[in-house]
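Hi,

Here is the structure I promised to pass on.

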Amino acid sequence: MEIEKIYKIIDDMVDNNEGLIPILQKLQDELGYLPINVLKVISEKMHLPYQQVFGVTTFYSQFRLEPQGKNLIQLCDGTACHVRGSKKNIRATEKRLGIKRGETTEDMKFTFEVVYCLGSCALSPTAMINKKIVPKLTPSKILKIIDELS
Amino acid sequence: MNIIIDGRSIRTEEQLTILDIAEREGIHIPTLCYHPALPPQSVCRICLVEVEGEKVLQPACSFKVRDKMVIHTDTPKVLEARRVSLDLIISNHPLDCMTCDIAGNCELQDLAYEFGIKESEFKGRSIEYPIDDTNPFIIRDLNKCILCRRCIRACDEIQNRRVLGVTNRGFETKIIADFDLLLQDSTCEFCGQCVAVCPVGALTPKISTGMGREWEFKKINTVCPYCGVGCRFDLNVKDEKIVKVTSNSENPVNGIALCVKGRFGFDFVNHPDRLKTPLIKRNGKFEETSWDEALDYIVNKFIEIKESKGSDAFAVLSSAKCTNEENYLLQKFTRAVLGTNNIDHCARLCHAPTVTGLVTAFGSGAMTNSIEDIATEAKAYLIIGSNTTEQHPVIGIKIRKAVREGAKLVVADPREIDIAKIAMIHLKQKPGTDVALLNGLMNVIIKEDLWDKEFVEKRTEGFEELKETVSKYEPKIVEETTGVPADDIIRAAEILANNKPASLIYSMGITQHISGHLNVLSCANLQMLLGNMGIPGGGVNPLRGQNNVQGACDLGALPNVYPGYQSVASEGNQNKFEEFWKVKLDKKPGITVVEMMDEAEKGNIKAMYIMGENPMVSDPDVNHVRKCLQSLEFLVVQDIFLSETAKLADVVLPAVSFAEKEGTYTNTERRVQLLGKAINPIGDSKPDWQIICELSTKMGYPMNYNSVKEIMDEIAKVTPIYGGISHERLNTNGIQWPCPDKEHPGTTILHVEKFSRGLGHFSAVDHLPPKELPDDEFPYILTTGRVIYHWHTREMTGRSKGLDKIYPESFVEINPEDASKLNIKDGEIVRVISRRGKVEVKAEVTERTQPGVLFMTFHFAKSNANILTIRALDKVSKIPEFKVCAVKIEKI
């Protein structure tokens, strides 16, 4: 996106007295992630210190500083999923994609994250793949999904 | 109201915390994240106490007391909670106290000792961070960080920069600078406030690494040798070497705050370049010699010149870096022994118009208010011609804080200086158009009927003339002269008039012009018109440059006045000093710095004695200065380093630095402060006062003082404004003059209810254009200034490793518009040429400077801006016009 469009989004939202978090959310929606130079512009426009904007961005797991792969795989390792074997799913995913949690494949096809509770404990172990809940996950099930998405 | 702590009933007031009262009552509550200079954070859970009626334990540092509250500070529950909190902190802290620089001064170590924790019971993951030691000042070792957030609060609350913050959460939480950058790459300005408050070894001064530990240091409280703010700090000394500067919260001006120069710029004192023996130049080469030989040599020469050419063949430069006592003695030596009033010092180059201008307007030529009241009581500020945050950093941080808390700031400066970023309005006048701008503001204030009629009526004279003159300065007309949009002038005038009290702060941007005297008068006019004089938070406040430039002026290191601004032309004063010094005095006022150089060139001045000044870098038109000094028959320079000026001397006398002497400095707010002697003189060097005494005695005019204290006692006898000042009375707080007698507490604000001269005097003044304006051949204005990392001619900061490393060379700032016209790239070496000389210097392409204007610092002997500057003088104050000359710039 051109920098002018980013400026405009920020300006409009700042003029509207929107808070920092909605502005970060909106820009992440637009850009897929939050590059440092965009955070810098936000800081300056909102008269907030750099560290404060960076601190908020890194505090919440919803924000990312790096570009995201085409597909987002989030495996839950919360208590319920953990006791029902989510570790196996995580290991299988890491092995197949060749990346660790929090990383993105070189071809930018997959970003893999481990999250803590998706609020669907009854279906554990669960995953959220491209914003859709996948219930009762097993290693073969997740590998099949990855193959379909590849 | 009453509370009960550990069964003791205690009477107390509201709004206090449990910790406040416990400390007052001598009840021990351990703390860790708490720091008395910072707002409480309550994150470490070490100060937990039991409050009856509260479900959980409460942090004493932030929990406010209520009537009849019952508190327990040492129950098993409390002690166990504290122990667990401490253990958790220690579980992620390296136990390397044996090699840690901060051991002995580590609050975590002290607590571990108190609670008997040898190692943590929690064995688990610990985080490893790389150490950030790329910058020259601060080592940041986050492995030792305990996340108390004191550094964040210091950066926020004291320094008002907010560079430091927190990233991530839970176990990954860590302290960051900006976007998790190295300090070197962040917006940090290395004030080191964070180092001062860090309770552990996470933030330490790089320069002090491996130099010793707390119990080995002798601590001496003294005054910073750099600027006129007059911060105090503790020099930490080990084996006659200064190894560290630490904050001391008792300091009246600065508290624990310091700037990068004060905190990290002390290593010049023990630098190998220090002069250690007297030097005599023979056949063009310096030879080391004894004090006796050097002084005899000088005495013979001085006597020969005095007998053959008379007293007026001498000129003396005193030093705003030296103490009050030394300045007093040198002017006494000049007047009583050499027999001339030809004594001056660098105040001529910075605030001479302040003295002439403010004496004319108010009757006293000094900053009218105090730092404290300006910082806390002003509702608005006009900062004009002062790069406050870089040149008087600790005053700068106080103003930043005031602005954050709601004070309105108007900045008038041709350059986009740092403090302009937080201004409500920045008036970017063209250099040299300050009178027009100030008259424009007054025009609006009078036209809109916003002036203080009662004040003007009762306290001033000359208003009608002023009114008539400023009526010509309609904003539209002023816009043409100054380049400042008329609407901005109107808005600024309204801000200043509608927010009372407003404080006016200025510095060399006002004074260093041929219109310097007129500029100062205009500042005084504006503040009288607004009724801002004689009240807290108001005033006309020139920020003085050198640590003791105020004192050097006060003690008569000026050609026209004796100590205490007593005119030499008055017969009464002459008689008084003749009687006191028991010698015949000359009643003809002497000549000023720049005139001395001119007279030396003409052959009228034969000998100069220069103490702690470096005109070969600091004075305008340096090529001319060299010619003048070379045409002298005899030049004596007394300094701590072989400066550019000392290199031209016939005899060089090694003096001592601030750390090796006793005496007093007077800061910008007229506060006389006592120095502490930290180390003995290096080599054979001697304090300036001793050198002057020995020289004088050898000249046949004995000066026998057993101590510096006795010199101050003599000063008090002849100097009414210092009448009540003695070393015995000066504790850490100092005393602000005028202090006429031993019982007088000193004066924080001048001109309360009555001006020193009676009525305040309005002087109707008109815009006077600079002497040399751009033309076809020299199409740019060159203006000069300073940066935070250096001090004047860099004799000190150039020999401070960190300061030299972070800012090693000179730049010329050029606006991108001009740079692209001339095809000049950022970082390219260019040639800047004026009618007087040329320099080669690196270009910095930046919006900071406006189109048509170039900016250079005058710190550097190499690429010296003063090769270019002009010797045009203000008629009244004789200050040279450093701030404006015409130059051209070309590619090489």
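Predicted model: local features only at pLDDT ≥ 70, side-chain atom pairs only at ≥ 80, totals over all residues.

Residues are numbered from 1 along each chain as its sequence is written, while chains are lettered from A and ligands numbered from 1 in the order in which they are written.

**Between the chains.** 10 residues of chain A are in contact with 13 residues of chain B (C-beta atoms, placed from the backbone, within 7 Å). On the chain A side, α3 (36–46) and α4 (50–59) each give two or more residues, and α4(A) gives the most, with seven. Helices here are DSSP runs of H or I, at least four residues, numbered from the N terminus.

**Domains of chain B.** The domain assignment (automatic or from a database) includes domain 2 (124–264) and domain 5 (780–891). Their C-alpha centres lie 31 Å apart, and nine residues of domain 2 are in contact with nine of domain 5.

**A helix pair in chain B.** Helices α8 (324–338) and α26 (688–698) of chain B pack at about 20°, with axes 9 Å apart (axes are lines fitted to C-alpha atoms over the stretch in contact, and angles run from 0 to 180 degrees between N-to-C directions). That makes the two roughly parallel, a label for angles under 35 degrees. Among the residues that meet are B:Leu329 and B:Phe333 in α8(B), and B:Trp689 and B:Ile692 in α26(B).

Best wishes

Methods
Parallel < 35°, antiparallel > 145°, perpendicular 65-115°, else oblique. Contact = placed C-beta atoms within 7 Å.
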